[in-house]
Amino acid sequence: MKNKILTFFCTIMLFVPWTILLVRMNEWALKSPFAERIITGYALFMIFSGAFTIMTYFTGKVQNILMKACLVINTIYAVAGVIFLSMM
């Protein structure tokens, strides 16, 4: 049961960074103080989701096929989040 719940959370974390496309359609999200905060928040979430997935996969021993895909994608997201924060 624990494995299914952790896999579910890691799978949901795959789709959250894509919601920035919906948020950035608003006029207020393109202006300077909000834009930096939104990008920072999403980058921190991407780093957290990558770290959470890595910890779940290796220390939690949740190693199924879906979790392997989540591990690869969330690790890429985490690296991208670090790059986004360093560019700011």
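Predicted model: local features only at pLDDT ≥ 70, side-chain atom pairs only at ≥ 80, totals over all residues.
Let me begin with the helices. Two packed helices are described by the angle between their axes and the distance between the axes. Here, helix α3, which covers residues 32–58, packs with helix α4, residues 65–87, at an angle of about 145°, and their axes are 7 Å apart. The crossing of these two helices, α3 and α4, is left-handed. If we sort the residues in that contact by class, we find 15 nonpolar, eight polar and one charged.

Is Thr53 buried or exposed? Its relative accessible area is 0%, and because the cut-off for buried is under 20%, Thr53 counts as buried. The side chain of Thr53 is joined to that of Asn74 by a polar contact of 2.9 Å. Once we set aside the neighbours within four places in sequence, the residues in contact with Thr53 are Cys10, Met67, Cys70, Leu71 and Asn74.

Now to the aromatic rings, of which the structure holds four pairs. In one of them, the rings of Phe48 and Phe52 have centres 6.0 Å apart and planes at 25°, and since planes under 30 degrees apart count as stacked, this pair is stacked. Both of these residues, Phe48 and Phe52, belong to helix α3, where they sit four residues apart, or about one turn of the helix. Each is partly exposed, Phe48 with a relative accessible area of 48% and Phe52 with one of 23%.

Tyr57 and Phe58 form another aromatic pair, this one edge-to-face, with 5.0 Å from centre to centre and 90° between the planes. Within this pair, Tyr57 counts as buried at 11% relative accessibility, whereas Phe58, at 47%, counts as partly exposed.

Finally, let me turn to a loop residue. Where is Val16 found? Val16 lies in the loop between α1 (2–15) and α2 (20–23), and it is partly exposed, with a relative accessible area of 28%. Leaving out residues up to four places away in sequence, Val16 touches Tyr42 and Phe45. As for Ala51, which is 35 residues from Val16 along the chain, the C-alpha atoms of the two are separated by 15 Å.

Key
Residues numbered from 1 in each chain as written. Heavy atoms only, no water. Axes fitted to C-alpha atoms, helices over the stretch in contact; angles between N-to-C directions. Left-handed = near helix turned anticlockwise from the far one by under 90°. Nonpolar A, V, L, I, M, F, W, Y, C, P; charged D, E, K, R; others polar. Phe/Tyr/Trp six-rings, centres within 6.5 Å; stacked < 30°, edge-to-face > 60°. Buried < 20%, exposed > 50% of the residue type's maximum accessible area, 1.4 Å probe, protein only. Polar contact = N/O pair within 3.5 Å; in protein donor to acceptor, adjacent residues only side chain to side chain. Contact = heavy atoms within 4.5 Å.
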